[in-house]
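Student: Could we go through this model together and check each term against its definition?
Tutor: Gladly; here it is.
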Amino acid sequence: MTETPSFNNISFTYDSQQRKSPAVEELLDIIRYRDLIYQLIRRDIVARYKRSVLGILWTMLQPLGIMIVLTIVFSSLFGGAREYPAYLLSGLIAWTFFAQTTTASIHQSVWGGALMRRINVPYTVFSVSSVGTGVVNLILSLVPLFLILLITKRPITWAVFFLPIPLLFLTAFALGIGLMLSSLAVRFPDISEMYQIIIQAWMYITPIMYPETIIPESYRRWVLHLNPMYYLINMFRTPIFEGRLPSLNIIIIGAVISLVTLTIGWIYFSHQADKFAYIA
Amino acid sequence: MNPVIILDNICVRYRAPEAKFGTFKEYAIQLLKRKVKFKEFNALSNINLQVNEGEILGIIGRNGAGKSTLLKVISRVLVPTEGRVRIRGRVSPLLELGAGFHPELTGLENIFLNGTLLGHTRREIESRLAEIIEFAELSSFIDSPLRTYSSGMVARLGFSVSTTWQPEILILDEILSVGDEAFRNKCKVRMATYRDAGSTTLLVTHDSSTVETLCARAVWLDHGEIKAIGPASEVVNMYRQSQ
């Protein structure tokens, strides 16, 4: 075999030995493929409702229905029928966003994995678009939420304009967790089954259906303060339910947790991404 | 000599656990006990190859010889375990017709979905939209959901989207079994046009006579290694004799 000339003078569009760090490369790819992300989000939303009569209304009716059921069951236990619906719904919407996007991220990545063995796409698009779909759904479900606030005569204050901030952190956290789980799920498909149990348990230890005050003082440290979703739900709920800004403590801890989670998830995932195509 | 593809000592090594672990739990336990034995399998080993601009290179070999793996390395689906890949220009996608289509979306919506999957922007797709629809011969069905299409229609749409943009490197992977005779001929004409317009072409096939007629140079892959490389007629002869 003769030595191949080096061809250093030619600029190649792709050189497997001169790549940027995976996390940076993935980030640049995501920006380049932004139109694909838009198309995937659109597909998720359009395809989901295409054959149903009420269509996109379901995104708003679903949380309402769950809220009505839970209000009937729990309102006498946890506060009056006046306060409970708004309390429940504000927490439930944030939680549903997290649970749905992380689950969707796993499923999309497994679906995308099959696709990725045939064409070259940045792998993170599937998680990013899952979270994007979740954001659209969450914004739609704000409509029934504000409807309930009006009906139950809860005051709506300027604090609601703070909502984009907790939404941003929720998105970052969900994406980070989604990426970590997806990179595992590509290798072990039963992660997705396991996660359904975890998310169920996680929901019950997070104060969504019940007020945090019913947790005994001695447990709070473990159940609340080590639970990232406690901060994020609190940050989202306070402006809606109490009409004021969340405490600075909650904001800072929530911000740090979600940004760290996203960074770790992104770096871990993009370092694994080259290996995904090897997993048949 | 103006290389568009350079492969240096490419190895693609699959590393599979010897026993199949169905669940994460099982795997974790075995891994902790250090009982996981890995079986290594070289899908490609020591591939050195240079393809020059405008060349038509035939790739022959039996099933499982590593042809598809080689194409995956060139189209950047697979990063090789070892070695260096250098590519100049856009590589046409491996044509898995209709991969990524969604049955509930209309033909039009699927064009955008598939087009962006292939790395095109929305604007690029919009500017070629009429051409894509016309080539697929689907003008009157383009607003119907894909689930109402026949398999031939889906294949035509897939082919049309993925070949509308002329790539610098064209991969032909025994695709021309699409649709009816007339559409097949149309596909062949389009491929020939790209070839003549200077796209470097990789032709992958079982049919060694096609390679003989179309290619100047050919590679024979066997068990993940290059068994022979050189003028197409010589390589094809060697390949035939081995059968």
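Student: Which residue stands opposite Asp222(B) in S8(B)?

Tutor: Glu225(B) in S8(B) does. Before we go on: this is a predicted model, where local features need pLDDT of at least 70 and side-chain atom pairs count only at pLDDT 80 or more, while totals for chains, interfaces and linings use all residues. Residues are numbered from 1 along each chain as its sequence is written, chains are lettered from A and ligands numbered from 1 in the order written, and side-chain values use heavy atoms, leaving out hydrogens and water.

Student: What makes S7(B) and S8(B) a pair?

Tutor: Two strands (DSSP runs of E, at least two residues, numbered from the N terminus) pair if DSSP finds at least two bridges between them. Six bridges join strand S7 (residues 217-222) to S8(B), so they pair under that rule; they run antiparallel.

Student: Which partners does S3(B) have, and how do they run?

Tutor: Four bridges join S3(B) to strand S6 (residues 200-204), running parallel, with Ile59(B) opposite Val204(B). Four bridges also join S3(B) to S7(B), again parallel, and here Leu57(B) stands opposite Arg217(B). The open sheet has the order S5-S6-S3-S7-S8 in chain B, with mixed pairing.

Student: Why are S5 and S8 of chain B called edges?

Tutor: Each has a single partner strand, so one side of each is left without a neighbour in the sheet.

Student: Why is Gln50(B) called buried?

Tutor: Buried means under 20% relative accessible area, exposed over 50% and partly exposed in between, with a 1.4 Å probe and protein chains only. Gln50(B) has 15%, so it is buried.

Student: What makes S3(B) mostly covered?

Tutor: Five of its five residues are buried. Ile56(B), Gly58(B) and Ile60(B) point one way, and Leu57(B) and Ile59(B) the other way. In a regular strand the side chains alternate between the two faces of the sheet.

Student: How many residues of helix H2 of chain B are buried?

Tutor: Six of its eight residues, 67-74, are buried, among them Leu70(B) and Val73(B). A helix here is a DSSP run of H or I, at least four residues.
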